[in-house]
Amino acid sequence: MGSAPYPAGEWKGKGRGGLQELGCMPWKVSRGGAGIPRTLSSSNSRISHLPLPPSPPPLPPQPSLTPPAIYHEKQRRELCALHALNNVFQDRTAFSRDTLQEIYQRLSPSTLVTPHKKSMLGNGNYDVNVIMAALQTRGFEAVWWDKRRDVGSIELSNVTGFILNVPSNLRWGPLRLPLKRQHWIGVREVGGLYYNLDSKLRSPQPIGSSDELRKFLRQQLRGKNCELLLVVSEEVEAHQTWRSDG
């Protein structure tokens, strides 16, 4: 049932009291300063400002996805020894063709390694004697790895890089000839991973972790006519700290 409406004249006389009789309370707006509303209130209640939600915690730092810059010198003429050296040192100015040629010309037969070792590594454009002498000009030594030992005994943290001498197919332009010649390649660690920096590759080939490097070296050394040089500082060579079995 609905309530009977007030007659028009009677409603007009109710005024403010009429609103209160209907249970309606008028809202008051209090102003602050130059007439700026501050709070909205009634006679029995007041709306207060709610606190702002807390800021989300900062995100943890994200690892960089940018690959490390790797210097990779490509094959030019028969200068694989030069490319291997510069790739190991990650510096195109470490050695030049003129530097290696000068070393080659001043080496006398009395300073060369025995013919047996020389034939094992192959002559190529520059042989192992030139590589050893070139490393010494920068305070480094080449340690000839004994293939009878396992590469697990190499103290990798004390080795700057590796130079391998492996058989490689000869090419005449885009054609691969059915002939092989000894070829120098460089291997080293960059940004926490080891890379095959063979100058005949289009780009550096990731090898992986230290365990994967040892697998790679074992596989290479099982091949015919493959030899391994460890590139170490003079101090490491003097104290033999390239060996983990001391």
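Helix 3 and helix 6 cross in a right-handed way (meaning that the near helix is turned clockwise from the far one by less than a right angle). This is a predicted model, where local features need pLDDT of at least 70, side-chain atom pairs count only at pLDDT 80 or more, and totals for chains, interfaces and linings use all residues. Residues are numbered from 1 along each chain as its sequence is written, and side-chain values use heavy atoms, with hydrogens and water left out.

Back to the crossing: the axes of helix 3 (residues 80–89) and helix 6 (residues 128–136) come within 11 Å, at roughly 35 degrees. Axes here are lines fitted to C-alpha atoms over the stretch in contact, with angles from 0 to 180 degrees between N-to-C directions; helices are DSSP runs of H or I with at least four residues, strands are E runs of at least two, and both are numbered from the N terminus. Helix 3 brings Ala81, Leu85 and Phe89 to the contact, and helix 6 brings Ile131, Ala134 and Leu135 (contact means heavy atoms within 4.5 Å). By class, that makes 6 nonpolar residues, with no polar and no charged ones.

The whole structure holds 4 aromatic pairs (ring centres within 6.5 Å, using the six-membered ring for Trp; planes under 30 degrees apart are stacked, over 60 edge-to-face, the rest tilted). Two of them look like this:

| Pair | Centre to centre | Angle between planes | Type |
|---|---|---|---|
| Phe89 and Phe95 | 5.7 Å | 65 degrees | edge-to-face |
| Trp145 and Trp242 | 6.2 Å | 75 degrees | edge-to-face |

The tryptophan pair ties together distant parts of the chain, 97 residues apart: Trp145 sits in the loop between strand 3 (140–144) and strand 4 (161–172), Trp242 in the segment after helix 8 (234–239). Trp145 and Trp242 are both buried, and so are Phe89 and Phe95 (buried is under 20% relative accessible area, exposed over 50%, partly exposed in between, with a 1.4 Å probe and protein chains only). Phe89 and Phe95 also form one aromatic cluster with Phe140.

Gln182, in strand 5 (residues 175–190), counts as buried because its relative accessibility is 18%. Its side chain makes a polar contact with the side chain of Asn165 at 2.5 Å, and the side chain of Gln182 also reaches the backbone oxygen of Asn225 at 3.0 Å. A polar contact is a pair of N or O atoms within 3.5 Å, one able to donate a hydrogen and the other to accept it; residues adjacent in sequence count only if both atoms are side-chain atoms.

Asn225 has a positive phi of about 60 degrees without being a glycine.

Conventions:
Ala, Val, Leu, Ile, Met, Phe, Trp, Tyr, Cys and Pro count as nonpolar, Asp, Glu, Lys and Arg as charged, and the others, Gly among them, as polar.
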